[in-house]
Amino acid sequence: MTNNNKLVENFDVVIIGAGHAGCEAALACSRLGLETIIFTVSVDSIALMPCNPNIGGSSKGHLVREIDALGGEMGKNIDKTFIQSKMLNISKGPAVHSLRAQADKQLYSKSMRQILENQEHLTIKQGEVCEILWEDIENNKNDNSVINNTSVYTSLADKKIIGVKSYTGTTYMCKAVVICTGTYLNARCLCGEAITYTGPNGLQAATHLSDSIKAMGIELRRFKTGTPARMDGKTIDYSKLSEQKGDERVVPFSFSTDPESVQKEQVSCWLTYTNEETHKIIKANLDRSPIYAGIIEGTGPRYCPSIEDKVVKFADKDRHQVFLEPEGLYTDEVYVDGMSSSLPEDVQQAMYRTVPGLENCRIVRNAYAIEYDCINAKQLYNSLQFKKVNGLFAGGQFNGSSGYEEAAAQGLIAGINAAMYVLDRDPLILDRSESYIGVLIDDLVTKDNREPYRMMTSKAEYRLLLRQDNADLRLRKYGYKVGLVSRETYDKLCEKEKQIKDEIERLKSVMVGANKQVSEFLAKHNSSALTQGVSLASLLCRPEISYKDMYEIDSNRPELADDVIEQVEIELRYEGYIERQKKQVEHFIKMENRKIPADLDYDDVPSLRIEARQRLKEFKPLSIGQASRLSGVSPADVSVLLVYLERGNR
Amino acid sequence: MINNETIAAVATALSESGIGIIRVSGPDAVDIVNKIFFNKAGKQFLSSVESHTINYGYIHSLEDNSVIDECLVSVMLAPRSFTGENTVEINCHGGVYVVKRVLFEVLNAGARMAEPGEFSKRAFLNGRLDLSEAEAVMDVISSKSESSLKASLSQLSGSVSKKIRELRTAILYEIAFIESALDDPEHISLDGYKERISEHLKNWITDINKLIDSNKNGRYLRDGISTVLLGKPNAGKSSIMNFLLGNDRAIVTEIAGTTRDTLEEYVKIDDISLKLIDTAGIRETDNTVEAIGVERAREAAQNADLILYVVDVSSDISQKDIELIKMFPDKKGIVILNKNDLINSVAAKDNNILLSLIDNVNDYPIVNFSAVTGTGFDELRSIINDMFCSGLIKNSDQVVITNIRHKECLEDCLRGLLNVRNSVDNDMEEDFYSIDLMDAYSSLGKIIGEEIEDDLATEIFSKFCLGK
């Protein structure tokens, strides 16, 4: 990196990486009017989907909805570029319904690139950032008071961001940097004995930035993940497979997308299975797998096991499901979902060819495992800013997560908060009771994550409240407050909110008696007869009766949009459960609101148990609620902390 | 303020004599006690009394409205109370049993059991204690929690903790199954799951109810009044133990020195829990194994709350017996003249002189007993009862508290399981089950002091093979 390039440019925010996190971060900053530059190793790989060809899925679909409600781009982009769509878990409760769409990968990437190119205040630059520039700051520890939102920025940091330097020597002065390097930092890909030092898809890895990050006192670690092979679709025998079609009526991801615009012809996915023969080949060649041979040091995700892992860990299963998913309309390539692997090429070919439908398959791209540098996100605040460096933010797989949706969600928050930092405004911090994004980030920064983190509905304590259908009602207001959601959109949301509330009240107050009309209506729907008058709301709680049906006995009702009716039905039908969770949330919020100063000296707190003291020092939680979620901190330790903080207040 | 829950606990040391005070603190303190407190005419009136008054009346059972105790109840409204919150104190009579029952009623009426040090903590947080006391409060919270957790674990009997662990494992597996299916619906199906979970629920609810019963009847905790059986070899200590237990726990043979180690068992006599400790017979011995047993017997006796001296009156009473009874003069004891059924008149005569000596040792009561016929059992029982009620021997507070805490946890668990059953009966979707199952799971975890942390994720990924 030696040259005489003295070029200096000025920006407000630098985004490193143009994957799903980087794109959201860049759009957020530039849409808020900040001069933003986004770096990518290849402009052709903007919003690349190097692994599975879909967006959404259980709980990930929730994330996309939330991104959309906050003013992010992912939902809109998949609505424009999907080739199949399905609402998962439709037979389960509304809290776990989740959208998943197959994307046309190239179209997705292209469409996002256009959005970026057309965005005011945003500059796209191909090149590798290899150094982050910072300066030391005065240690302003004079503020010992309980922390408020703004002082979060200043309490622990001893450095602040002033710019970055590219491999070609140009300096970009800026106030904030968002690191969204995904799996590119010091990446190496493993396909059996063959190792290449590249990022995903053979793209150039970023080999310089890690040292600069470490030089700031930030600790890095190694994670790994993997991807299956892509087949030439012309070599697949579809006659042996069972077809998996999309939903007849497609629901869009974005609250702003016109539902009619997404009703189009869809492509199919295909289901097949591994068998004893497949497993035999894998077992016979385990010694050639880099993971089992010990060549891979990174920690892999348990929820996304390679086919080797599945065969070893679930030896009693004689077959595993395999979904064949088209990568787009532009290509014949097919993604083999369920069979990611790092076995050598010859074993891969043999193993894939045992699967019905793939007997004569030709592999276009081999399956591989990839190892990369990332951080333990306990070094971040919930705002996704580094505790030690003011103005340095991070999002996406670099933070130890996995998945496009998790990445985009963090990218959006990191971008918003980089902007808030530059604009000297309070950061946007979503809590666990109002969003999956809040759960995701809180888990990342307060838990010991030993593998790439993936969102799951079981991780959300209050999931009955955090449904994909009400993401707009939960989060639009924040998007508006930040400045990413327009006044018009926000007003519409408020109107929707009011309509829901009014209609619920109306249904609760309108009583119907056991008259002839009502009795006939109930009999028609196989519902038991009334013995006394009840409210329309309580009739709606009967699973066999829908709001639409009730028109027969409630013809004077206001005309409402489908999404309003949906909310009314859910709120009333699950009222008991929802109220229960709302009560729990009240307690949760109280605990969250009890702030702890980031620079609290835990050695000064008497009577804490050693283990608790150690954990608190390690994570430096910002609220009593967060402290109580750390493993190793008991309720008694939390009480001790409360008393200590109260003492400090007097 | 963070605390909107109302808490309750016994504020005095639990003892058989005198008055016990139950303190209730929190916003609903008055309303909660009002539900169970009645005047002579059977009317509730506490919610209308003024602050800082003492009120006379009766605590009734919520369940069947029966009178539990005659009490004085004082009301101190916020902020003029120790904790700075609405506080009610119930002064009741009648010792451990009644105090415990009144506390149960208060908990049933809506309070929760206070955490260790919680009254002081609230007092401090509400500004009722001054700054200098903060450290002491933190210390109390920390040390009491530690000892309470230790007690909680060590007092749990082996079979109970095993059962709780089994139940937790089974519940966690089902949660993991449901969650796996929600996470990866294309790989794992919930078809027919309602039947399966219904079957489990039936069994789990039965099991938890059994645990709640055993919590009531005293076989639940590994504690009680430490009662040591002491005597010469083959005096019949093990037979007495078996008689009291109603089974053949200890090995009984005709050979002197059969019991070479100490054996522990738990038994309830009336409402008093005894931890019975059978010991090796005490004599000079060259046998090493037996010698260790004898040493342990001495040790057990040193730590005992009550010693049952067993003397075989069917054979010659010796000076050794007298020495043994004199060995622990500061301990409470009862002398049991065993094998009363085998006495022949000749031997009885010879023993009379020694028996009169025994009579003078430490004022110990003496019972003529037969483990074979059961003679003397009623007398023994009433002596133990008298000693307990007069406060000569006592149960430690910790046990009672542990017991109540565990009961709360078991009931929380039961409530969670009943909620699941309710969801199943109402045809709710499966994702609703796992929410309440998780509550049941973590309630049980509190009893054995285990955190949940990453249990679920680990269970999901180790038991179920998910996609991609």
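I began with Pro79(B), which I located in the loop between strand S5 (67-76) and strand S6 (87-92) of chain B, where helices (H or I, at least four residues) and strands (E, at least two) are DSSP runs numbered from the N terminus. I then looked at the peptide bond from Ala78(B) to Pro79(B) and found it cis, with omega near 0°.

I note that this is a predicted model, in which local features need pLDDT of at least 70 and side-chain atom pairs count only at pLDDT 80 or more, while totals for chains, interfaces and linings use all residues. Residues are numbered from 1 along each chain as its sequence is written, and chains are lettered from A and ligands numbered from 1 in the order in which they are written.

Next I looked up positive phi values in chain B. Asn234(B), a residue other than glycine, has phi near 60° and sits in the loop between strand S8 (225-231) and helix H7 (237-245) of chain B. I recorded Asn234(B) as buried, with 22 other C-beta atoms within 10 Å; the cut-offs are 20 or more for buried, 12 or fewer for exposed, and partly exposed in between, with C-beta atoms placed from the backbone. Asp427(B) also has a positive phi near 60°, and I found Asp427(B) in the loop between helix H12 (397-425) and helix H13 (431-448) of chain B. Asp427(B) counts as exposed, with 9 C-beta neighbours inside 10 Å.

For chain B as a whole I noted 14 helices and 13 strands, and that buried residues make up 43% of its 468 residues.

I then turned to a sheet in chain A, an open one of five strands in the order S7-S3-S2-S11-S22 with parallel pairing, two strands being paired if DSSP finds at least two bridges between them. Strand S7 (122-126) and strand S22 (392-394) of chain A stand at the edges with a single partner strand each, so one side of each has no neighbour in the sheet. The twist averages 20° from one strand to the next, with axes taken as lines fitted to C-alpha atoms (for helices over the stretch in contact) and angles running from 0 to 180 degrees between N-to-C directions.

Looking at one pair, I found three bridges joining strand S11 (residues 176-179) of chain A to S22(A), which run parallel. Within that pairing, Val177(A) has Leu392(A) as its bridge partner in S22(A).
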